[in-house]
Amino acid sequence: MKNTDPEQQQQRSLYLEICSQNEEPHVPLHTSIVLFLLSYCECQYFKVLLVSTKPVSCHSLRSRLPTSLDVSSVAIEDLPPLVRSCRLPAVLDETGRYCRAGLAVVLRHIINETTEADPCRKDVLALLGFKKTCLKACAEVSQWTRLCELGIPCAVEEHLGNPNNQSLQLPPAILHLEKTLGEPVKVHNDDKIRRQKLRQERQKKSSESTKAQENPDSEVRPAQSPKACDGLELRTALAKLSVGVVPSSATRENSEIRKVKTTDLPPLEHVFAEGLYFTLTDVVLLPCIYQYLCSLQAHAASVLSQLPLLLRWYSRVQEVPGVVRAARACGMVLATARAPGSSPPAPADGAFPAGQVERKSPEETAPAPFIGGPRPTMTKLKENGIEAVFSPHPCPTWTLPWDSLPGAVNPTEGKMSDVRALRKRQQLNNLVAMVTDLARPGYTVVDFCSGGGHVGIVLAHALPDCQVILIENKEESLVKAKERSAELALANIGFIQANLDYFSGPFHIGVALHACGVATDMVVEHCIQAGAAFVVSPCCYGFIQNTIKFTFPRSKRFQEILSYKEHMVLCRFADQTAVQLPPERRLIGKQCMGLVDLDRSWAAVTHGYSVQVMTMEPESCSPKNNMLVGVAAVRTACE
C-alpha cells in the first residue's frame with residue numbers, strides 16, 4: 001500500500017474511512033460493506049483511498065483488503081474539498097466536481113459502474129431489486145433504508161465496543177430484522193410462484209399418502225415444515241442468480257390449482273432480507289451480521305437461540321454463488337452459526353423473542369391524523385395572540401436579466417412549458433435576490449434539494465466570486481445539472497449526490513426552493529448547525545410529520561398551545577392553495593402556511609436567528625409562495 005499525492009487523485013476515486021483503536025487500524029462496518037461489494041462484483045474500476053485521522057500501519061489491514069483492488073492511503077488534509085465536505089464513504093469522479101457520498105449512494109454507484117462495464121453481470125444488476133429501487137429511498141424518509149444503512153451498522157458497532165454488556169446483545173435494530181425475516185413475503189408476480197408452491201405441497205402430500213398405503217406397517221415420518229427445509233423459495237432465488245440460467249418453459253398450472261383463490265394460496269417465506277431474492281440489502285447486512293454473530297458466539301452464545309430466523313438467513317446467504325469467495329477476500333471466514341442446544345421454533349407471525357419488546361420509531365407511534373377543519377385551531381392560536389404575519393418583500397420588482405443570460409441558465413433548458421418556465425423564473429428572482437444581498441466574495445452557497453440545478457446554476461453564474469455546491473439525492477437530476485453547468489463552463493460549482501445528512505462541510509448560505517415536507521426543516525437545521533444564513537421556500541406541508549429528528553410543533557410557544565394533531569391540521573390545510581380552489585379556501589390555506597412557517601421561524605429564533613416570513617412576488621409564481629429568510633446574529637466562524 002502506498003501514499004497518494006493530491007495530484008494523482010484525478011481518476012475515479014473511492015474514499016473509505018479507517019479508524020484507529022488502541023493504536024491499531026480498525027475497519028468500520030461501512031468500509032467493510034463497501035469492500036465486500038467490490039469483491040463480490042469483482043469491480044476494479046475505482047482507485048481506493050483509505051482515509052484516517054492519524055497515520056496507521058497498513059500491515060495489519062492486508063487481510064481485510066481484496067488483493068485485486070488498487071489501494072492507497074491519503075491524509076485528511078489532502079482530501080479534495082468536495083470529499084472533505086462529506087461523510088465517508090464517498091466517490092469523486094475524474095473531474096473532481098461530482099461527488100457521491102453515503103453508504104447506499106456509493107454502493108448503488110458501484111453496481112451501476114460494474115454492470116455498465118460488463119452487461120453480462122446480471123447477478124450484480126439483480127442486487128438493485130425490482131425496478132432497481134433497493135435502498136434508493138433516502139434514510140430520512142425510508143425506515144427500511146435507515147435500518148439497513150444506519151440502524152444495524154451502528155447497533156453492531158456499539159455491541160462490538162462492549163460485547164459483554166447484556167443490554168447490547170440484542171439491540172432493537174437486530175430484533176427488528178429478526179421480526180422482518182418472519183413476515184410473509186410479497187414480491188412481483190408472486191401469484192405464479194405461490195401456485196407452484198401449492199402444487200408441490202399437494203404432490204408431496206399425495207406421495208406420502210401413497211407410500212403409507214403401500215407400506216402400512218412402516219413408520220411414516222412426519223413431513224418437515226416449510227420452515228425446516230429449503231423449498232421452492234430458495235431454489236427460485238438461487239436460480240435468478242445463475243448468470244447463464246436457461247429460463248424455464250412457461251407451463252400453465254392445472255385447472256384445480258388455477259381455481260384456488262389468491263387468499264388461499266400458501267404464503268412465501270423470507271429467503272433473504274427483502275424477501276425472495278438476494279439484493280443489495282443482504283450485501284449491506286452480511287459484514288454486520290458476520291461480526292455480530294462472531295461476537296455473540298465468543299461472549300454470549302446462549303443469545304443465538306433467540307435469533308433463529310437470522311441464523312437461517314445467514315446460512316442461506318452463504319449459498320449464493322460468489323459470496324463465500326468475496327467474504328474470504330475481505331478477511332471474513334463464513335461458517336454456520338449454531339445456537340447451543342436445540343433452537344426454539346421461529347417466532348410466530350414475526351413476533352419478537354420472548355422477553356423482548358418491539359421498539360417503534362416516532363413515525364409508528366405518532367397518533368392518527370386529526371380529522372376536521374382548520375378554523376378551531378386557527379381560532380385557538382388567535383385567542384393566544386398568534387396570527388400569520390408576513391414581512392414586506394424588500395425588493396418585489398427585482399429580476400434577473402433573463403433575455404441576456406446564456407440559454408443554459410434559463411430554466412427552459414429543463415424542457416418545461418412556457419407558462420411553467422415563466423413561473424420558475426419568477427421564483428428564482430425571489431431566491432436569487434435574497435441570496436445576492438447576503439453573499440460576499442469568497443462565500444460558499446449550498447443549494448439543498450437542488451433537483452436539476454435551477455437555483456444553483458443561476459447562483460453560480462450570478463456570483464462568480466462565490467463557491468456554489470448543489471446537493472441532491474437523485475442521480476438523474478444532478479447529472480442534468482452537471483451537463484448544464486458544463487455547457488456554461490462554470491468553474492465555481494460542485495455537485496454532491498447524497499442524503500442531506502452526509503454533507504458536513506462549512507458554508508455561509510443555504511438555499512432551497514420548494515423543499516418537500518420535513519426537508520425544509522432539515523435544511524434550516526443544517527444551516528443553524530453551520531451558523532449559516534438560509535433562504536428557503538417550503539413545499540408539501542401535508543407531508544410534514546414527526547420523525548426521529550423532528551417533532552411538531554417546532555417552537556416552544558406553539559407547543560404550549562397546540563397538540564401534534566392540531567398542528568397537523570394546519571399542515572394539511574396549508575396544502576390547499578391550488579389556483580383551481582375557491583378564493584376563500586385558498587386564503588385559509590395561505591394563512592395555514594403562514595402559521596406553520598411562523599412556528600418554524602420562532603424555532604430558529606431560539607438559536608439566535610433573525611427570521612422573516614414573506615411572500616414571493618408575484619404571488620401567482622407558485623401556490624407555495626412562502627419564503628423564509630434567516631440570518632444568524634453571530635456570524636459563522638468560517639467567514
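Trainee: Which residues are linked in a network of salt bridges?

Mentor: In this predicted model, the network links Asp 521, Glu 525, Arg 554, Asp 597 and Arg 600.

Trainee: What makes the contact of Asp 597 and Arg 600 a salt bridge?

Mentor: Their side chains meet at 2.9 Å, N to O. The cut-off is within 4 Å, so the pair counts as a salt bridge. Both residues lie in helix α21, three residues apart, about one turn of the helix. In an α-helix, residues three or four places apart point the same way, because there are 3.6 residues a turn.

Trainee: Why is Asp 597 called buried?

Mentor: Buried means under 20% relative accessible area. Asp 597 has 0%, so the word applies. Arg 600, with 7%, is buried as well.

Trainee: Why is Glu 584 called exposed?

Mentor: The relative accessibility of Glu 584 is 55%, and exposed means over 50%. Glu 584 therefore counts as exposed. Glu 584 forms a salt bridge with Arg 375, with the closest N and O atoms 3.2 Å apart. Arg 375 belongs to helix α14 (residues 375–383) and Glu 584 to helix α21 (residues 583–605), so the bridge ties together parts 209 residues apart in sequence.

Trainee: How do you know that Asp 70 and Lys 47 form a salt bridge?

Mentor: The N to O distance between their side chains is 3.4 Å, and the limit is 4 Å, so the pair qualifies. Asp 70 is in strand β5 and Lys 47 in strand β4, so parts 23 residues apart in sequence are tied together. Asp 70 is partly exposed at 31%, while Lys 47 is buried at 6%. The structure holds 15 salt bridges.

Trainee: Why is helix α16 described as largely enclosed?

Mentor: Seven of the nine residues of α16 (residues 454–462) are buried, so the rest of the structure largely encloses this helix. Among the buried ones are His 454, Gly 456 and Leu 459. The buried residues of α16 pack against elements including α15, β8, α17 and β11.

Trainee: Which residues have the most contacts inside the largest nonpolar core?

Mentor: They are Leu 14, Leu 38, Trp 313 and Phe 448, in a core of 140 residues. Helix α10 (residues 280–299) supplies the largest share of this core, eleven residues. Phe 448 touches, among others, Ile 471, Phe 503, Phe 507 and Val 523.

Methods: Residues are numbered from 1 along each chain as its sequence is written. This is a predicted model: local features need pLDDT of at least 70, side-chain atom pairs count only at pLDDT 80 or more; totals for chains, interfaces and linings use all residues. Side-chain values use heavy atoms; hydrogens and water are left out. A nonpolar core is a set of buried Ala, Val, Leu, Ile, Met, Phe, Trp, Tyr and Cys residues joined through side-chain atoms within 4.5 Å. Buried means under 20% relative accessible area, exposed over 50%, partly exposed in between (1.4 Å probe, protein chains only). Helices (H or I, at least four residues) and strands (E, at least two) are DSSP runs, numbered from the N terminus. Contact means heavy atoms within 4.5 Å.
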